[in-house]
Amino acid sequence: MSEKDKMLAGEMYDSSDPELTALRVKARKLARKYNLTDEDEPEAQREILAELLPSTSVIPALQAPIYFDYGCNTVFGEQCEVNFNFTCLDVCPVSIGDNAFIGPNVTIATPMHPLVPSERNARMRADGSSYTLEYAKPVTIERDCWIATNVVICGGVTIGEGCVIGAGSVVTRDIPAYSFAAGNPCRVVRAIPVHGNTGPE
């Protein structure tokens, strides 16, 4: 089993593996290239994002700057809009559903590190080089969600359809569909009507 296969399966893996290193370097180069483009260069932006997000069929509207670990492990649905400073550590799969609104400074972080220091700390190879072991948990944001400013979404979380996550929240557990949730840790505040007027009260 390759280190990439272990990574995507949520098992402990060596992130310094050459294949994984090459994928991260490619993603970060593409993100930097995208971040140097302007909004009046839509064709150039689409070309870069098509290479950065090869599993996404409908390219989302991403406001630079953006940051990805791999890009190839993230899939956007249709009609997604993402504001400034989106950070996606997509070590495990990240799925973002149709009509997602993502505010500025949002972070999706799938990587996990062992709690026990002896398992988390650097290890030495026979040639004297060091490495660490980590694992990851996937993140799913279902369709029609609004993720507000400065939200952090941790690995292993599913945010259900039609949710709104309040600004500054840290999402550490699943959020059921059609919920307004907020806080650190993020908790459900109230239900959201599936249909009807949901504007300012």
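Modeller: Let us start with the aromatic rings: ring pairs link Phe68, Phe76 and Phe86 into a cluster. Rings of Phe, Tyr and Trp (its six-membered ring) pair if their centres lie within 6.5 Å, and planes under 30 degrees apart count as stacked, over 60 as edge-to-face and the rest as tilted. Please keep in mind that this is a predicted model, in which local features need pLDDT of at least 70 and side-chain atom pairs count only at pLDDT 80 or more, while totals for chains, interfaces and linings use all residues. Residues are numbered from 1 along each chain as its sequence is written, and side-chain values use heavy atoms, with hydrogens and water left out.

Biologist: How many aromatic pairs does the structure hold?

Modeller: The structure holds two aromatic pairs.

Biologist: Which strands do Phe68 and Phe86 sit in?

Modeller: Phe68 belongs to strand S3 (residues 66-68) and Phe86 to strand S6 (residues 86-89), so the pair links distant parts of the chain, 18 residues apart. Strands (E, at least two residues) and helices (H or I, at least four) are DSSP runs, numbered from the N terminus.

Biologist: And are Phe68 and Phe86 buried or exposed?

Modeller: Phe68 and Phe86 are both buried. Buried means under 20% relative accessible area, exposed means over 50%, and partly exposed is in between, using a 1.4 Å probe and protein chains only.

Biologist: What is the order of the strands in the open sheet?

Modeller: The open sheet has five strands in the order S3-S6-S9-S16-S19, with parallel pairing. Two strands pair if DSSP finds at least two bridges between them. The edge strands are S3 and S19 (170-171), each of which pairs on one side only.

Biologist: What joins S16 to S19?

Modeller: Strand S16 (residues 152-154) runs parallel to S19, and two bridges join them. Val152 stands opposite Val170, which is in S19.

Biologist: Changing topic, which strand does S20 pair with, and in what sense?

Modeller: S20 pairs with S21 in the antiparallel sense, over four bridges. Phe180 has Arg190, in S21, as its bridge partner. The hairpin of S20 and S21 has four residues between the strands, and Gly183 in this hairpin takes a positive phi near 110 degrees.

Biologist: What about Asp144 and its phi?

Modeller: Asp144 has a positive phi of about 65 degrees although it is not a glycine. Asp144 is found in the loop between strand S14 (139-141) and strand S15 (146-147), and with a relative accessible area of 31% it is partly exposed.

Biologist: How many disulfides does a search of the whole structure find?

Modeller: The search finds zero disulfides, a disulfide being a pair of cysteine sulfur atoms within 2.5 Å. For Cys92, the nearest cysteine sulfur is that of Cys88, 12 Å away. For Cys163, the nearest cysteine sulfur is that of Cys145, 5.0 Å away. Cys163 counts as buried because its relative accessibility is 0%.

Biologist: Last one: where is Glu39, and what does it touch?

Modeller: Glu39 is in the loop between helix H2 (18-35) and helix H3 (42-52), and it counts as exposed because its relative accessibility is 60%. Not counting residues up to four places away in sequence, Glu39 touches Gln45 and Gln63, where contact means heavy atoms within 4.5 Å. The side chains of Glu39 and Gln63 make a polar contact (3.1 Å). A polar contact is a pair of N or O atoms within 3.5 Å; within protein, one must be able to donate a hydrogen and the other to accept it, and residues adjacent in sequence count only if both atoms are side-chain atoms.
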